[in-house]
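Good morning, and thank you for coming.

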Number of protein chains: 2
Amino acid sequence: MTGGSRQGDAEFTAEERDAVYRCIFDRRDVRGQFLGDEVPDEVLGRILKAAHRAPSVGFMQPWDFIILKDQGTKQRIRDAFQVAHEEAAGQFEGDRQSLYKSLKLEGITEAPIGLCVTCDRERSGRAVLGRTHQAEMDLYSAVCAVQNLWLAARAENVGVGWVSILRYDDLREILGIPDRVQPIAYLCIGYVSHFLDKPELETRGWLPRMKLDELVWFDRWQERSGSEPLLEQLR
Amino acid sequence: MTGGSRQGDAEFTAEERDAVYRCIFDRRDVRGQFLGDEVPDEVLGRILKAAHRAPSVGFMQPWDFIILKDQGTKQRIRDAFQVAHEEAAGQFEGDRQSLYKSLKLEGITEAPIGLCVTCDRERSGRAVLGRTHQAEMDLYSAVCAVQNLWLAARAENVGVGWVSILRYDDLREILGIPDRVQPIAYLCIGYVSHFLDKPELETRGWLPRMKLDELVWFDRWQERSGSEPLLEQLR
């Protein structure tokens, strides 16, 4: 393998690169900092376009986007969260349960926009290029759309929170989603008073940030020989 | 709900925002344009750090990263791809099968780096905050790490291709991955001669780009009343 020449005009500048990293590092899961300010259609439109540019297996683009602004509908989702949340609390014990109960885990009714991202599992027929051996690749494509949207929102100074303490069946019923379509994410979207410096679960002591160099292996699971120069970069 | 004041110093500038959008729009799934040039540890390190900053359910950070540089190991993965690829071709008929067979769908042995991203389903114990009602949230977290990595690589002018025509069991066996750990993505990573203007499956006529305004609903599945101003932004 010999080096060839690279296409120069497509290269990102150092400034552009740093902006992308800043976006990745400063993105937060927002629960408690939503403001009521309306998000202009122009901004929401750009964020949705970014989601639509996600990679998708076999170019099937399996996503749909249900935008919720109706307070009554958001309240029904909030009620479904509350039921699940109380059940969830029972799965933690002692101090962990007290900490769990003290955390604010959603901003469903405060955020001006709710967004349910879904995956239509039958969108492009039975055989999908790239999905023949990994059936969940369509779900993963929709998750990539969520992450694109989340980063685009951060670049627009808009906060996003992913609420996963919800039953899919409740989302289906409240939003009228058909059986072939899988809800992937319920997101709260809006401007925020501030973005937290660190993830709240880190600050509050739920779990620590793991050391990246302990999560990287070479050529085989749990193999590390000859990898010191890269590991040094990760510390 | 009344508007409050926003934290000004955390705001992205228009230039930073545009860089993020450029990255999202110019990212490509690379299969045929890999060069042999080595990717410096410093660059690979930054890309991995971006992956590690992905959102994760309950802050469980379920990912590991197996970096492959050994040509023999990459060849074994290429062989596993070839078996799956030939099986997959049989699922398409006539002109679709001819087109499928004519597409280059991986760059496993040409790309200087292979990367298997995994999800440890037991990383933080049985009960995981936010995963009590949606058990696959850990898998989705690892997918968000893949998308972060993909975008960071694009900002570094490094190409990434996701090879999904592989059996997870083959990946487990070749890489020694234990049962509790789920392979999520096998990625080919390296500098490229050029990034394609459009997804190859779009250019080659496999499927068209869908119209975004036909994928957006309001307050309920397939409901559109009162949404014209936003839909106009999406066209």
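Let us begin with F65(B), whose bridge partner in β2(B) is V117(B). The model is predicted: local features need pLDDT of at least 70, side-chain atom pairs count only at pLDDT 80 or more, and totals for chains, interfaces and linings use all residues. Residues are numbered from 1 along each chain as its sequence is written, with chains lettered from A and ligands numbered from 1 in the order in which they are written.

Strand β1 (residues 63–68) of chain B runs antiparallel to β2(B), joined to it by 6 bridges; strands pair if DSSP finds at least two bridges between them. Strand β4 (residues 181–190) of chain B is also antiparallel to β2(B), with 8 bridges, and here G114(B) stands opposite C188(B).

Turning to chain A, we find 8 helices and 5 strands. These are DSSP runs numbered from the N terminus: helices are H or I with at least four residues, strands E with at least two. Of its 235 residues, 47% count as buried.

Next, the meeting of the two chains. In all, 104 residues of chain A are in contact with 103 residues of chain B, contact requiring C-beta atoms, placed from the backbone, within 7 Å. On the side of chain A that touches chain B, α1(A) gives the most, with 10 residues. Strand pairing also crosses between the chains: β1(A) and strand β5 (residues 216–218) of chain B run parallel over 3 bridges, with F65(A) opposite V216(B).

Finally, how are the copies related? A rotation of 180° with 0.0 Å of shift along its axis superposes chain A on chain B, at an RMSD of 0.0 Å. The two copies are thus related as by a two-fold rotation axis. The superposition is by least squares on C-alpha atoms of residues with pLDDT of at least 70 in both. Within chain A, V20(A) comes closest to the axis, its C-alpha at 2.6 Å. Of the interface residues of chain A, 99% are also interface residues in chain B, so the copies meet through the same surface.

Definitions and conventions: Contact = placed C-beta atoms within 7 Å. Buried ≥ 20, exposed ≤ 12 C-beta atoms within 10 Å, placed from the backbone.
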